[in-house]
Amino acid sequence: MTKRIHACIYGRVQGVGFRHFVRRIALGMDISGFVRNTDDGAVEVTAEGEPRDLETLLDYLSEGPAYARVDRVEVSWQRPTDEYDGFEVRV
């Protein structure tokens, strides 16, 4: 059963390769959606996939890539919309 998460990641998460890190992880697990920077310095992720895969993605989001510092992750679980084809980095 497909689920959807919307997550905002706060800390030192912009300018450290976070978006491409998320995309690489998502594509490796057949998760669809997008990742983008927000104006307030956070990174936003909307992702759809199997619940177990989304839980694993959340674990990665809590750590981030090598040069990131994640202070907190706010996540909400939502109904999937099946509107995404693949996983993209948005500007």
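Phe18 and Phe21 are both buried (under 20% relative accessible area; exposed is over 50%, and partly exposed lies in between, with a 1.4 Å probe and protein chains only). Both residues sit in helix 1 (residues 18-28), 3 residues apart, about one turn of the helix. The model is predicted: local features need pLDDT of at least 70, side-chain atom pairs count only at pLDDT 80 or more, and totals for chains, interfaces and linings use all residues. Residues are numbered from 1 along each chain as its sequence is written, and side-chain values use heavy atoms, with hydrogens and water left out.

**Aromatic pairs**

- The whole structure holds 3 aromatic pairs (rings of Phe, Tyr and Trp, the last by its six-membered ring, with centres within 6.5 Å; planes under 30 degrees apart are stacked, over 60 edge-to-face, the rest tilted).
- One of them joins Phe18 and Phe21, edge-to-face, at 5.9 Å centre to centre and 65° between the planes.
- Phe21 also pairs with Tyr60: the ring centres are 6.2 Å apart and the planes stand at 65°, so this pair is edge-to-face.
- Phe21 belongs to helix 1 and Tyr60 to helix 2 (residues 51-63), so the pair ties together parts that are 39 residues apart in sequence.
- Helices here are DSSP runs of H or I with at least four residues, strands are runs of E with at least two, and both are numbered from the N terminus.
- Ring pairs link Phe18, Phe21 and Tyr60 into a cluster.

**Accessibility within the cluster**

- Phe21 has 9% relative accessibility and counts as buried.
- Tyr60 is partly exposed, at a relative accessible area of 38%.

**Charges over rings**

- Arg72 lies over the face of Tyr10, 4.0 Å from the ring centre (the cut-offs are NZ of Lys or CZ of Arg within 6 Å of the ring centre and within 35 degrees of the ring normal).
- Arg90 lies over the face of Phe34, with 3.9 Å to the ring centre.

**Positive phi in loops**

- Asp30 has a phi near 60°, a positive value in a residue other than glycine.
- Asp30 is placed in the loop between helix 1 and strand 2 (32-37).
- The relative accessibility of Asp30 is 70%, so Asp30 counts as exposed.
- Asp82 has a phi near 55°, again positive in a residue other than glycine.
- The loop that holds Asp82 runs between strand 4 (69-78) and strand 5 (87-90).
- Asp82 counts as exposed, at 59% relative accessibility.
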